[in-house]
Amino acid sequence: MTPFIHLAAEAAAAERKSAEVTDWAARIGWVVGLLLFIALLYWLMRQGWKWRATLQSDIPELPTAPETPGEAKLRMSGRYHGSTTAGQWLDRIVAHGLGTRSRVELTLTDAGLDVVRPGAADFFVPAGQLREARLDKGIAGKVLAEGGLLVVTWQHGDKQIDSGFRSDRAAEHTAWVEAINSMTSISTEGTAR
(Lines give C-alpha, C1' and ligand atoms only; values in the text may rest on other atoms or scores of the structure.)
Protein backbone atom coordinates (compact mmCIF):
# COMPACT_ATOMS: atom_id res chain seq x y z
CA MET A 1 0.00 0.00 0.00
CA THR A 2 1.40 3.36 -0.97
CA PRO A 3 1.56 6.15 1.58
CA PHE A 4 -0.99 8.17 -0.36
CA ILE A 5 -3.54 5.34 -0.33
CA HIS A 6 -2.84 4.73 3.35
CA LEU A 7 -3.59 8.40 4.17
CA ALA A 8 -6.77 8.31 2.10
CA ALA A 9 -7.95 5.20 3.95
CA GLU A 10 -7.33 6.86 7.34
CA ALA A 11 -9.23 9.99 6.25
CA ALA A 12 -12.20 7.88 5.09
CA ALA A 13 -12.20 6.01 8.41
CA ALA A 14 -12.14 9.32 10.32
CA GLU A 15 -15.15 10.60 8.34
CA ARG A 16 -17.18 7.50 9.21
CA LYS A 17 -16.53 8.01 12.91
CA SER A 18 -19.30 10.19 14.43
CA ALA A 19 -18.60 13.40 16.30
CA GLU A 20 -18.74 13.37 20.08
CA VAL A 21 -22.15 14.22 21.49
CA THR A 22 -22.32 17.20 23.86
CA ASP A 23 -23.62 16.34 27.31
CA TRP A 24 -26.16 19.17 27.62
CA ALA A 25 -27.40 18.09 31.05
CA ALA A 26 -23.90 18.44 32.52
CA ARG A 27 -23.35 21.83 30.87
CA ILE A 28 -26.70 23.17 32.06
CA GLY A 29 -25.96 21.85 35.55
CA TRP A 30 -22.61 23.70 35.64
CA VAL A 31 -24.17 26.95 34.39
CA VAL A 32 -27.01 26.78 36.93
CA GLY A 33 -24.53 25.97 39.70
CA LEU A 34 -22.34 28.94 38.73
CA LEU A 35 -25.33 31.29 38.65
CA LEU A 36 -26.45 30.07 42.09
CA PHE A 37 -22.92 30.62 43.43
CA ILE A 38 -22.87 34.19 42.07
CA ALA A 39 -26.32 34.86 43.56
CA LEU A 40 -25.11 33.55 46.94
CA LEU A 41 -22.07 35.85 46.86
CA TYR A 42 -24.27 38.84 46.00
CA TRP A 43 -26.67 37.98 48.83
CA LEU A 44 -23.79 37.67 51.32
CA MET A 45 -22.38 41.07 50.27
CA ARG A 46 -25.82 42.65 50.67
CA GLN A 47 -26.20 41.11 54.13
CA GLY A 48 -22.78 42.48 55.10
CA TRP A 49 -23.81 45.96 53.93
CA LYS A 50 -27.03 45.76 56.01
CA TRP A 51 -25.10 44.49 59.03
CA ARG A 52 -22.64 47.41 58.75
CA ALA A 53 -25.58 49.86 58.59
CA THR A 54 -27.04 48.27 61.74
CA LEU A 55 -23.71 48.64 63.56
CA GLN A 56 -23.60 52.32 62.57
CA SER A 57 -27.17 53.08 63.65
CA ASP A 58 -25.84 55.32 66.46
CA ILE A 59 -24.80 57.94 63.88
CA PRO A 60 -27.32 60.82 64.06
CA GLU A 61 -29.38 61.98 61.07
CA LEU A 62 -27.49 64.12 58.58
CA PRO A 63 -28.10 67.86 58.74
CA THR A 64 -29.86 69.58 55.84
CA ALA A 65 -28.92 72.89 54.23
CA PRO A 66 -30.34 76.05 55.78
CA GLU A 67 -32.95 78.07 53.86
CA THR A 68 -30.44 80.86 53.17
CA PRO A 69 -26.91 79.38 53.17
CA GLY A 70 -25.34 82.59 51.87
CA GLU A 71 -23.26 83.41 48.84
CA ALA A 72 -21.25 80.58 47.29
CA LYS A 73 -17.48 80.81 47.74
CA LEU A 74 -16.81 77.75 45.56
CA ARG A 75 -18.85 75.34 43.45
CA MET A 76 -17.80 71.97 42.14
CA SER A 77 -19.43 69.12 40.24
CA GLY A 78 -17.98 65.65 40.23
CA ARG A 79 -18.30 62.34 42.06
CA TYR A 80 -18.90 61.45 45.69
CA HIS A 81 -16.93 58.30 46.51
CA GLY A 82 -18.05 57.65 50.06
CA SER A 83 -17.32 58.40 53.68
CA THR A 84 -15.16 56.63 56.24
CA THR A 85 -14.22 57.02 59.87
CA ALA A 86 -11.59 59.79 59.96
CA GLY A 87 -8.07 58.42 59.64
CA GLN A 88 -9.27 54.92 58.73
CA TRP A 89 -9.62 55.00 54.96
CA LEU A 90 -11.05 51.46 54.71
CA ASP A 91 -13.73 51.78 57.43
CA ARG A 92 -16.66 52.74 55.17
CA ILE A 93 -19.70 54.42 56.72
CA VAL A 94 -22.96 53.25 55.12
CA ALA A 95 -25.54 54.66 57.56
CA HIS A 96 -27.89 57.34 56.22
CA GLY A 97 -26.73 56.74 52.65
CA LEU A 98 -23.15 57.91 53.23
CA GLY A 99 -21.87 54.74 51.56
CA THR A 100 -23.74 55.36 48.29
CA ARG A 101 -21.53 56.56 45.46
CA SER A 102 -23.09 59.17 43.23
CA ARG A 103 -22.68 62.32 41.21
CA VAL A 104 -22.31 65.37 43.43
CA GLU A 105 -22.69 69.13 43.36
CA LEU A 106 -20.68 70.80 46.15
CA THR A 107 -21.21 74.37 47.27
CA LEU A 108 -19.05 76.01 49.92
CA THR A 109 -20.56 79.03 51.71
CA ASP A 110 -19.88 80.84 54.98
CA ALA A 111 -22.58 78.60 56.50
CA GLY A 112 -20.81 75.38 55.50
CA LEU A 113 -20.56 72.71 52.82
CA ASP A 114 -23.70 71.76 50.90
CA VAL A 115 -23.52 68.28 49.35
CA VAL A 116 -26.24 67.67 46.75
CA ARG A 117 -26.33 64.13 45.38
CA PRO A 118 -28.84 63.20 42.66
CA GLY A 119 -30.19 59.74 43.41
CA ALA A 120 -28.84 59.71 46.98
CA ALA A 121 -29.43 61.57 50.24
CA ASP A 122 -28.19 65.18 50.29
CA PHE A 123 -26.50 66.51 53.40
CA PHE A 124 -24.99 69.68 54.79
CA VAL A 125 -21.86 70.14 56.89
CA PRO A 126 -22.10 73.33 59.00
CA ALA A 127 -18.95 75.46 58.96
CA GLY A 128 -18.37 74.84 62.67
CA GLN A 129 -18.20 71.09 62.04
CA LEU A 130 -15.62 71.25 59.23
CA ARG A 131 -12.24 70.10 60.54
CA GLU A 132 -9.89 70.02 57.54
CA ALA A 133 -9.50 69.24 53.85
CA ARG A 134 -6.66 67.50 52.12
CA LEU A 135 -5.66 65.87 48.87
CA ASP A 136 -5.35 62.11 49.13
CA LYS A 137 -5.11 59.07 46.90
CA GLY A 138 -7.86 56.84 48.25
CA ILE A 139 -10.93 56.17 50.29
CA ALA A 140 -12.75 52.84 50.82
CA GLY A 141 -13.24 51.23 47.44
CA LYS A 142 -11.60 53.98 45.36
CA VAL A 143 -7.88 54.52 44.80
CA LEU A 144 -6.59 57.21 42.45
CA ALA A 145 -3.26 58.82 41.66
CA GLU A 146 -1.64 60.74 44.50
CA GLY A 147 -3.67 63.90 45.17
CA GLY A 148 -6.55 62.79 42.94
CA LEU A 149 -9.16 62.85 45.70
CA LEU A 150 -10.47 65.74 47.80
CA VAL A 151 -11.04 64.45 51.33
CA VAL A 152 -13.04 66.63 53.72
CA THR A 153 -12.93 65.78 57.43
CA TRP A 154 -15.94 66.86 59.48
CA GLN A 155 -17.47 66.26 62.88
CA HIS A 156 -20.87 64.57 63.09
CA GLY A 157 -22.11 63.84 66.58
CA ASP A 158 -19.18 62.29 68.44
CA LYS A 159 -17.61 60.89 65.27
CA GLN A 160 -15.15 62.45 62.84
CA ILE A 161 -15.85 61.51 59.22
CA ASP A 162 -13.75 61.69 56.06
CA SER A 163 -15.78 62.20 52.87
CA GLY A 164 -14.12 61.72 49.48
CA PHE A 165 -14.92 63.78 46.39
CA ARG A 166 -13.43 63.95 42.92
CA SER A 167 -14.07 66.98 40.77
CA ASP A 168 -14.71 66.74 37.05
CA ARG A 169 -11.72 69.14 36.87
CA ALA A 170 -9.13 67.86 39.35
CA ALA A 171 -7.22 71.16 39.24
CA GLU A 172 -10.01 72.64 41.42
CA HIS A 173 -9.07 70.46 44.39
CA THR A 174 -6.28 72.74 45.63
CA ALA A 175 -8.58 75.78 45.84
CA TRP A 176 -11.07 73.69 47.86
CA VAL A 177 -8.38 72.53 50.30
CA GLU A 178 -7.21 76.11 50.84
CA ALA A 179 -10.73 77.51 51.27
CA ILE A 180 -11.90 74.84 53.72
CA ASN A 181 -8.69 74.92 55.75
CA SER A 182 -8.87 78.72 56.01
CA MET A 183 -12.48 78.41 57.24
CA THR A 184 -11.49 75.83 59.87
CA SER A 185 -8.56 77.90 61.10
CA ILE A 186 -10.87 80.92 61.48
CA SER A 187 -13.45 78.86 63.37
CA THR A 188 -10.82 77.33 65.70
CA GLU A 189 -9.31 80.77 66.39
CA GLY A 190 -12.79 82.10 67.17
CA THR A 191 -13.52 79.30 69.66
CA ALA A 192 -10.08 79.58 71.31
CA ARG A 193 -10.70 83.19 72.32
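Trainee: How many of the residues of the protein chain count as buried?

Mentor: A residue is buried under 20% relative accessible area, exposed over 50%, and partly exposed in between, with a 1.4 Å probe and protein chains only. Of the 193 residues in the protein chain, 33% count as buried. This is a predicted model, in which local features need pLDDT of at least 70 and side-chain atom pairs count only at pLDDT 80 or more, while totals for chains, interfaces and linings use all residues. Residues are numbered from 1 along each chain as its sequence is written, and side-chain values use heavy atoms, with hydrogens and water left out.

Trainee: Which elements make up the secondary structure of the protein chain?

Mentor: Helices (H or I, at least four residues) and strands (E, at least two) are DSSP runs, numbered from the N terminus. The protein chain has three helices and ten strands, in the order α-α-β-β-β-β-β-β-β-β-β-β-α from the N terminus on.

Trainee: Which strands does E10 pair with, and in what sense?

Mentor: Two strands pair if DSSP finds at least two bridges between them. E1 and E10 run antiparallel and are joined by seven bridges; Ser83 has Ser163 in E10 as its bridge partner. E9 also pairs with E10 in the antiparallel sense, over seven bridges, and His156 stands opposite Lys159 in E10. The hairpin of E9 and E10 has two residues between the strands, and Gly157 there takes a positive phi near 65°.

Trainee: How many bridges join E4 to E5?

Mentor: Four bridges join these antiparallel strands, and Gly112 has Pro126 in E5 as its bridge partner. The E4 and E5 hairpin has six residues between its strands, with Gly119 in the turn at a positive phi of about 85°.

Trainee: Which residue has a positive phi although it is not a glycine?

Mentor: Most residues other than glycine have a negative phi. Here His96 has a positive phi of about 60°. His96 is found in the loop between strand E2 (92–93) and E3, and it counts as partly exposed because its relative accessibility is 26%.

Trainee: Which residues of the largest nonpolar core touch the most other members?

Mentor: In soluble globular proteins, nonpolar side chains tend to be buried together. A nonpolar core is a set of buried Ala, Val, Leu, Ile, Met, Phe, Trp, Tyr and Cys residues joined through side-chain atoms within 4.5 Å. The largest such core has 27 residues, of which Leu113, Leu130 and Phe165 touch the most other members. Among the elements that each supply at least two residues of this core are strand E1 (72–85), strand E10 (159–167) and helix H3 (173–192). H3 gives the largest share, five residues.

Trainee: Where does Leu41 lie?

Mentor: Leu41 lies in helix H2 (residues 24–55), and its 40% relative accessibility is why it counts as partly exposed.
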